[in-house]
Amino acid sequence: MVEGLVNNNIFEMKDFSIYYGHFLAVKKVTLNIGVNKITAIIGPSGCGKSTLLRSLNRMNDLIMNSWVEGHSLFKGVDIYQKDTDVIELRKRVGMVFQKPNPFPNSVYENVAFGPKIRGIRKKSQLDEIVENALVRADLWKEVRDKLNESGMSLSGGQMQRLCIARSLAQEPEVLLFDEPTSALDPISTANIENLLQELRKTVTIVIVTHNMQQAARVSDYTAFMYLGEMIEFGNTDTLFVNPHNKLTEEYITGRFG
Amino acid sequence: MAIFDEELNALKEKVLKLCCMVEVAIRDSVHSLVERNSELAKEVIKRDHLINALDVKIDEECVKLIALRQPMARDLRFITTAMKITTDLERMGDLAVNIAERAIELNEEPQLKPYVNIPKIAEITQEMVRDSLDAFVRGCSTLPYEVIKRDDEVDDLTVKNFNELVGFMIRDPKIIPIAIKRTYVAKYLERIADHATNIAEMVIYMCKGKMIRHIAPTES
């Protein structure tokens with residue numbers, strides 16, 4: 001099938017379910033992710049939001065016994081069909097995790113790692129990619145003089161931005177963020193949130209967060225999940241000011257359970 | 001009950017207290033005029049600072065709740081509504097003071113003619129105030145829409161009152177100072193009705209999340 005955006009959606013999930021063995025973790029979710037938009041997924045622990053996020057670049061394949069039903073289309077092509085090149089998919093749909101996880105390597109090597117795997121060897125080309133990725137991750141000014149120092153020596157916020165730069169060096173079309181600021185202080189959190197606003201100009205962002213204020217601050221659209229189901233999806237402004245579903249209302253006003 | 005719910009209830013109680021104080025101020029100011037009771041008018045003027053102080057207190061509490069609790073959805077709409085309607089209530093209190101001031105002046109003059117239009121305007125206006133505040137307390141109902149509809153009646157009566165008094169003034173220019181003060185009183189009441197309409201519109205926002213201000217006046 002030929003790739004292409006459908007109604008400006010980069011992802012389209014239709015009746016998409018994810019199982020861990022017999023356990024149904026995500027139940028028949030239908031969700032569209034708009035291109036160059038920030039979509040937040042919120043919900044209580046265990047609601048399936050991270051599972052759903054990880055399915056977007058098939059990270060769940062790494063979990064034993066996980067399997068899916070329904071359709072998850074990336075630019076109109078089902079990513080769970082047999083001939084999907086999962087490595088290529090993960091290059092195009094990158095991921096940033098909760099805890100900053102730089103490689104035990106220099107700042108430079110962290111960012112150059114992906115391009116090198118892709119076969120880029122020319123120093124000048126790698127230099128350009130590394131600088132460009134670090135600039136886009138808003139880290140260049142802070143690390144330009146210590147590119148050869150260990151990535152692990154940076155502060156928490158810097159390490160997270162290094163991980164973002166590492167993803168950006170792969171020139172992804174989508175970046176998935178799984179609780180990207182939960183281990184960071186408020187200033188580093190604000191830096192990452194500002195960065196998301198910059199990145200959205202060129203990359204589609206999907207973010208899972210426990211911090212509802214963060215979802216409200218950064219996202220264009222918000223999805224609320226509960227017990228594996230997509231309860232409500234809509235404009236972030238509407239969802240936080242005037243949600244349509246009673247469960248959403250109870251969750252975001254802290255009157256849950 | 002969660003602490004936040006207790007705080008919201010405490011805020012609601014303060015808004016209700018302000019509502020009561022303003023309703024009494026409007027009622028007494030009208031009585032002071034119609035019954036020519038200047039002592040009552042002085043009471044209204046004297047009590048206004050209590051309304052002002054409570055308005056400030058409610059605003060401070062709303063800001064505190066927004067800063068500390070980061071309210072969402074219906075809580076956010078309730079707090080923003082409380083902030084906005086207290087401004088309307090405080091202005092209504094000021095207008096009651098204006099009525100009381102004119103009452104003191106008019107009570108010293110011979111009565112031009114018995115008050116007919118002003119009590120009618122006052123009755124509808126006070127109903128609108130009461131219903132808009134009831135709607136705030138009770139939440140979703142048809143009451144706020146009814147309040148908005150009644151504003152036209154007040155506007156029409158105010159124009160009628162004005163035209164009648166202009167007729168009197170043309171016939172007898174000596175009564176101009178008294179007649180002008182009576183047009184002022186009607187205008188103050190008409191402004192109070194406008195504030196009641198604002199409150200009704202905010203109550204609709206609080207209940208439904210829909211801003212109807214400056215759109216269709218009687219959309220339901």
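These notebook entries record what I looked up in the predicted model.

**Conventions.** I number residues from 1 along each chain as its sequence is written, and take chains as lettered from A and ligands as numbered from 1 in the order in which they are written. Local features need pLDDT of at least 70 and side-chain atom pairs count only at pLDDT 80 or more, while totals for chains, interfaces and linings use all residues.

**Contact of chains A and B.** I looked up the contact and found that it takes 10 residues from chain A and 9 residues from chain B, two residues being in contact if their C-beta atoms, placed from the backbone, lie within 7 Å. On the side of chain B that touches chain A, helix H3 (residues 73-107) of chain B gives the largest share, 5 residues; helices (H or I, at least four residues) and strands (E, at least two) are DSSP runs, numbered from the N terminus.

**Sheet of chain A.** I then traced an open sheet of 4 strands in chain A, in the order E2-E1-E4-E5 with antiparallel pairing, where two strands pair if DSSP finds at least two bridges between them. Strand E2 (23-34) and strand E5 (77-78) of chain A are the edge strands, each pairing on one side only. Strand E1 (residues 9-20) of chain A pairs with E2(A) in the antiparallel sense over 8 bridges, and I noted Phe16(A) opposite Val29(A) in E2(A).

**Met211(B).** I located Met211(B) in the segment after helix H6 (176-208) of chain B. Met211(B) counts as exposed because it has 11 C-beta neighbours inside 10 Å, the cut-offs being 12 or fewer other C-beta atoms within 10 Å for exposed and 20 or more for buried, with partly exposed in between and C-beta atoms placed from the backbone. The C-alpha atoms of Met211(B) and Glu201(B), 10 residues apart along the chain, are separated by 7.5 Å.
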